[in-house]
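Please open the structure in your viewer and keep the selection tool at hand. Each stop on this tour names what to select and then describes what is found there.

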Amino acid sequence: MNQQETTDLFNQIVKDYSERLYWHVRDMVGSHDDANDLLQEIYIKIWSALPSFRGDAQLFTWVWRIATNETLNFLRKQKVRSVLSFEKISNAQDRIADDPYFNGGEAEKLLVKALNKLPAKQRAVFSLRYYDDMKYEDIAQIMNSSVGSLKASYHIAYQKIKAELKNNSIDF
Amino acid sequence: MNKRPYTTPDGYFDYLQMRLSQIPEQQQVQETPQVRVSRWAKITPYFALVACFAIAVVAGRFILDKTLTQPEDDYVTLEQLYSADLLPYTSQYALFDESYYEDDDYSYEITEEDIINYLINTNVPLNYIGQTLYE
């Protein structure tokens, strides 16, 4: 792939996927500002890795895999930083209350809160399945996992969220 | 597909696409051109380091040779050291009286004059010295 072809393909990825990718990252990190910054990093990574893209995988799953890995790394670093600095990451309820770009009702607020309590990988699986309606086969390629374990992971995440909402008298 | 309970600022996705499209240009500016380095250029610093070390060793050896003087006769030096070690430094006579060493048997006879000098030096009253010596 020459320079021009790489640039064209990159621009195509920006045009086709940037909005969907934003929502995927936003589901994972919660805040608009973090998602905005992280998306820049993800696209720089895509640009660097694009010459090595051989077309063995679908472009869509390749892009989503980079984005998911970068987001999981971001969440891991954020967790380590909070442990080292003895600062508690503000809980989901506080973040939602402060977020000017949250427009859900009370039920959605509790759903997001429950979602943020999940481990990062479970949150990624749940978000890809629940919000993006993605097939397990595609998620398996993105997460480099088996369909069986992803189904189990989604089921566990679903049950945890359901229990959390039930505690607040909301059916899920 | 379930609806997300979030929004974004107005016109955000147009701005996002515009910003992300600039990445190739920005990254190409940041990439520095690769400078080809020859093998000789790579090993030159190591040669320079070895040469500096060799010069330091030779110069150090030369300076030490010039500044450190070796004793001409080892035997004399050892004898002097031997004498110095044997010096009975608690004895004032050994320190100041050369005849102390000239006597083969190192014997020393205490005279009456020595006793008087000693008593005077230790502040014994003269009348007491006279009484003691000449009674």
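Select A:Glu70 and A:Lys45, whose side chains meet in a salt bridge with a distance of 3.4 Å from N to O. The model in view is a predicted one. This pair links distant parts of the chain, for A:Glu70 belongs to helix H3 (residues 59-84) of chain A and A:Lys45 to helix H2 of chain A, 25 residues apart. Is A:Glu70 buried or exposed? A:Glu70 has a relative accessible area of 15% and is therefore buried, since the limit for that class is under 20%. A:Lys45, at 43% relative accessibility, counts as partly exposed.

**The whole of chain A**

Now select chain A and colour it by secondary structure. Chain A holds 8 helices and 0 strands, and its elements run α-α-α-α-α-α-α-α from the N terminus on. Of the 172 residues in chain A, 47% are buried. Its accessible surface comes to about 9100 Å², and carbon and sulfur atoms account for 48% of that surface. Among the contacts in chain A with a separation of 6 or more, 62% are between residues 24 or more positions apart.

**Where chain A meets chain B**

Next, display both chains together. How many residues does each chain bring to the contact? Chain A brings 31 residues and chain B brings 21 residues. The size of an interface is often given as the accessible area lost when the parts come together. Here the area buried between chain A and chain B is about 2700 Å², with 58% of it from carbon and sulfur atoms.

Polar contacts can be examined here as well: 7 residue pairs are in polar contact between chain A and chain B, counting pairs with both residues at pLDDT 80 or more. On the side of chain A that touches chain B, the elements giving two or more residues are helix H1 (3-29), helix H2 (32-49), helix H5 (106-117) and helix H6 (120-131) of chain A. Which of these gives the most? The answer is H1(A), with 13 residues.

**Salt bridges across the interface**

Side chains of opposite charge can pair when their charged atoms come close. The rule finds 2 salt bridges across the interface of chain A and chain B, and 5 salt bridges over all chains.

Select A:Asp27 and B:Arg4, which form a salt bridge whose closest N and O atoms are 2.7 Å apart. The pair crosses between chains, from A:Asp27 in helix H1 of chain A to B:Arg4 in the segment before helix H1 (12-21) of chain B. Both partners are covered: A:Asp27 is buried, with a relative accessible area of 1%, and B:Arg4 counts as buried at 11% relative accessibility.

**Along helix H3 of chain B**

Move to B:Arg61 and B:Asp65, whose side chains meet in a salt bridge of 3.6 Å, N to O. These residues are 4 residues apart in helix H3 of chain B, so about one helical turn separates them. B:Arg61 counts as exposed, at 56% relative accessibility.

For the last stop, select B:Tyr46, which lies in helix H3 (residues 39-67) of chain B. B:Tyr46 is exposed, with a relative accessible area of 58%. Together with B:Trp40, B:Ile43 and B:Phe47, B:Tyr46 makes a nonpolar surface patch of about 500 Å².

Conventions. Residues are numbered from 1 along each chain as its sequence is written. Chains are lettered from A and ligands numbered from 1 in the order in which they are written. This is a predicted model: local features need pLDDT of at least 70, side-chain atom pairs count only at pLDDT 80 or more; totals for chains, interfaces and linings use all residues. Side-chain values use heavy atoms; hydrogens and water are left out. Patches are made of residues with over 30% relative accessible area and no salt bridge: like charges are joined within 9 Å, nonpolar side chains (Val, Leu, Ile, Met, Phe, Trp, Tyr) within 5 Å. Accessible areas come from the Shrake-Rupley method with a 1.4 Å probe; for residues, only the protein chains shown count as cover. A salt bridge is a side-chain nitrogen of Lys or Arg within 4 Å of a carboxyl oxygen of Asp or Glu. Buried means under 20% relative accessible area, exposed over 50%, partly exposed in between (1.4 Å probe, protein chains only). Contact means heavy atoms within 4.5 Å. Buried area is the accessible area (1.4 Å probe) that two parts lose on being put together, summed over both. A polar contact is a pair of N or O atoms within 3.5 Å; within protein, one must be able to donate a hydrogen and the other to accept it, and residues adjacent in sequence count only if both atoms are side-chain atoms.
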